[in-house]
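Welcome, and thanks for taking a look at this chain with us. Please keep the 3D view open as you read.

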Amino acid sequence: MHPNLWKIVDLRQRSCTCTSWVDLQFPCQHALVVINKLGLDIRLYYPPGLYESKSYCTIYLNEVLASPAVDLGEDDTQAPPIPATKPGPKETKRIPSNGMN
Ligand SMILES: [Zn+2]
């Protein structure tokens with residue numbers, strides 16, 4: 001296995017060598033596997049109160065204003081790439097059957 005595929009999770013430091021846990025402030029996929037494998041309570045590794053309804057409600061304490069719709073128009077500067085091969089199954093040269101005809 002390629003060594004870059006291995007990640008080291010430190011539950012005490014709440015970190016992983018992928019750095020997502022530190023960056024995002026909640027366990028990365030690697031940490032979740034370790035926590036699950038060890039049978040630990042996953043809630044202990046999330047920031048306290050982050051996913052509580054009280055935190056959710058504070059998002060909407062202030063007025064929420066919808067932004068007006070903006071017509072972005074067509075963008076002809078970014079055409080899709082031209083495929084190198086035709087879509088669909090590869091055409092193969094078949095050897096005609098001798099026995100069934
Ligand atoms: Zn990770």
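The points below go from the whole chain to single residues.

This is a predicted model. The chain holds three helices and two strands, and along the sequence they come in the order β-β-α-α-α. Its radius of gyration is 26 Å, whereas a compact globule of 101 residues would be near 13 Å.

**Overall shape and packing**

- Of the 101 residues in the chain, 5% are buried.
- Take the contacts with a separation of 6 or more: 6% of them join residues 24 or more positions apart.

**The loop between the two strands**

- R14 sits in the loop that links β1 (9-10) to β2 (15-16).
- R14 is worth a click for its backbone: phi is near 55°, a positive value in a residue other than glycine.
- As a reminder, most residues other than glycine have a negative phi.
- Is R14 buried, exposed or partly exposed? R14 counts as partly exposed because 15 other C-beta atoms lie within 10 Å, and the partly exposed class falls between 12 or fewer for exposed and 20 or more for buried.

**The loop between β2 and α1: T17**

- T17 belongs to the loop between β2 and α1.
- With 14 other C-beta atoms within 10 Å, T17 is partly exposed.
- Which residues does T17 touch, leaving aside those up to four places away in sequence? The answer is K7 and I8.
- T17 and K37 are 20 residues apart in sequence, and their C-alpha atoms are 18 Å apart in space.

**The loop between β2 and α1: C18**

- C18 also has its place in the loop between β2 and α1.
- C18 is partly exposed, as 15 other C-beta atoms lie within 10 Å.
- Setting aside residues up to four places away in sequence, C18 touches K7, C28 and H30.

**The loop between β2 and α1: T19**

- T19 lies in the loop that runs from β2 to α1 (20-24).
- Phi of T19 is near 70°, another positive value in a residue other than glycine.
- Why does T19 count as exposed? T19 has 11 C-beta neighbours inside 10 Å, and a residue is exposed if that number is 12 or fewer.

**The segment after α3**

- T92 is found in the segment that follows α3 (53-59).
- T92 is exposed because 6 other C-beta atoms lie within 10 Å, where exposed stands for 12 or fewer.
- How many Å separate the C-alpha atoms of T92 and L50? They are 57 Å apart, for residues 42 positions apart along the chain.

**To take away**

- The chain follows the pattern β-β-α-α-α, with 5% of its residues buried.
- Positive phi values are found at R14 and at T19.

Key
Residues numbered from 1 in each chain as written. Predicted model: local features only at pLDDT ≥ 70, side-chain atom pairs only at ≥ 80, totals over all residues. Helix = DSSP H or I, 4+ residues; strand = E, 2+ residues; numbered from the N terminus. Rg over C-alpha atoms; globule rule 2.2 N^0.38 Å. Contact = placed C-beta atoms within 7 Å.
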